[in-house]
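Visitor: I have a model open and would like to learn how to read it. Can we go feature by feature?

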Amino acid sequence: NAKIVQAEAKKLESVVDDTDKNKQLKATSKLIALTKNIDKQRDFFVTLTNEIEKVINTSAITSGEVYKQFCPMAFEGEGGYWFSNSKEIRNPYYGNKMLTCGSVKKIYK
């Protein structure tokens, strides 16, 4: 649902610090929040995932786990990653069509 994605991206944009380190993360969140087309939002989500990974790699996980997940079929077979706080696969690239397509590739603790 593109409207829900816009709203959630806007929330993310509002909590990301205005620092040089987070500049691209904030800008990508804003782009997603402004985009009404779900396919374009998914394209921007790739960049968002890359930026989130930078944050995860430079932060300490103080509770729980973060799962890096992958769908090999996204983007015409190129595949696509995303992060989740759950081991359960909920594929953001295919929505209800292939909601459980994917696997956990890495766990951050």
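Visitor: Which hand does the crossing of helix 1 and helix 2 have?

Guide: This is a predicted model. In it, helix 1 and helix 2 cross with a left-handed sense. The residues that form their contact divide into six nonpolar, two polar and four charged.

Visitor: What describes two packed helices?

Guide: The angle between their axes and the distance between the axes. Here, helix 1 covers residues 2–15 and helix 2 covers residues 23–34. They pack at about 155°, and their axes are 7 Å apart. Angles over 145 degrees count as roughly antiparallel, so helix 1 is roughly antiparallel to helix 2.

Visitor: Which residues of helix 1 and helix 2 meet?

Guide: From helix 1, take Val5, Gln6, Ala9, Lys10, Leu12 and Glu13. From helix 2, take Lys26, Ser29, Lys30, Ile32, Ala33 and Leu34.

Visitor: Now the next pair. At what angle do the axes of helix 2 and helix 3 cross?

Guide: At roughly 155°, and the axes come within 9 Å. That angle makes helix 2 roughly antiparallel to helix 3. The crossing of helix 2 and helix 3 is left-handed. On the helix 2 side, the contact is made by Gln24, Leu25, Thr28, Ser29, Leu31 and Ile32. Helix 3 supplies Gln41, Phe44, Phe45, Thr47, Leu48, Glu51, Ile52 and Val55. By class, the residues of this contact split into eight nonpolar, five polar and one charged.

Visitor: Let me pick one residue from that list. Is Gln41 buried or exposed?

Guide: The cut-off for buried is under 20% relative accessible area. Gln41 has 3%, so it is buried. Gln41 sits in helix 3, residues 38–57.

Visitor: What does the side chain of Gln41 reach?

Guide: The backbone oxygen of Ala2, at 3.1 Å. Beyond residues up to four places away in sequence, Gln41 touches Ala2, Val5, Gln6, Ile32 and Thr35. Val5 and Gln6 also belong to the helix 1 side of the contact with helix 2, and Ile32 belongs to the helix 2 side.

Visitor: On to a strand. Where is Ser84 placed, and is Ser84 buried or exposed?

Guide: Ser84 is in strand 2, residues 80–84. Its relative accessibility is 18%, so Ser84 counts as buried. Setting aside neighbours within four places in sequence, Ser84 is in contact with Glu65, Val66, Tyr67 and Gln69.

Visitor: Which backbone nitrogen lies 3.0 Å from a polar atom of the Ser84 side chain?

Guide: That of Ser86.

Visitor: How far apart are Ser84 and Leu25?

Guide: In sequence, 59 residues. In space, 17 Å from C-alpha to C-alpha.

Visitor: Which helix holds Phe75 and Glu76?

Guide: Helix 4, residues 74–77, holds Phe75. Glu76 is found in helix 4 as well.

Visitor: What is the relative accessible area of Phe75 and of Glu76?

Guide: Phe75 has 28%, so it is partly exposed. Glu76 has 85%, so it is exposed. The cut-off for exposed is over 50%.

Methods
Residues numbered from 1 in each chain as written. Predicted model: local features only at pLDDT ≥ 70, side-chain atom pairs only at ≥ 80, totals over all residues. Heavy atoms only, no water. Axes fitted to C-alpha atoms, helices over the stretch in contact; angles between N-to-C directions. Helix = DSSP H or I, 4+ residues; strand = E, 2+ residues; numbered from the N terminus. Parallel < 35°, antiparallel > 145°, perpendicular 65-115°, else oblique. Left-handed = near helix turned anticlockwise from the far one by under 90°. Contact = heavy atoms within 4.5 Å. Nonpolar A, V, L, I, M, F, W, Y, C, P; charged D, E, K, R; others polar. Buried < 20%, exposed > 50% of the residue type's maximum accessible area, 1.4 Å probe, protein only. Polar contact = N/O pair within 3.5 Å; in protein donor to acceptor, adjacent residues only side chain to side chain.
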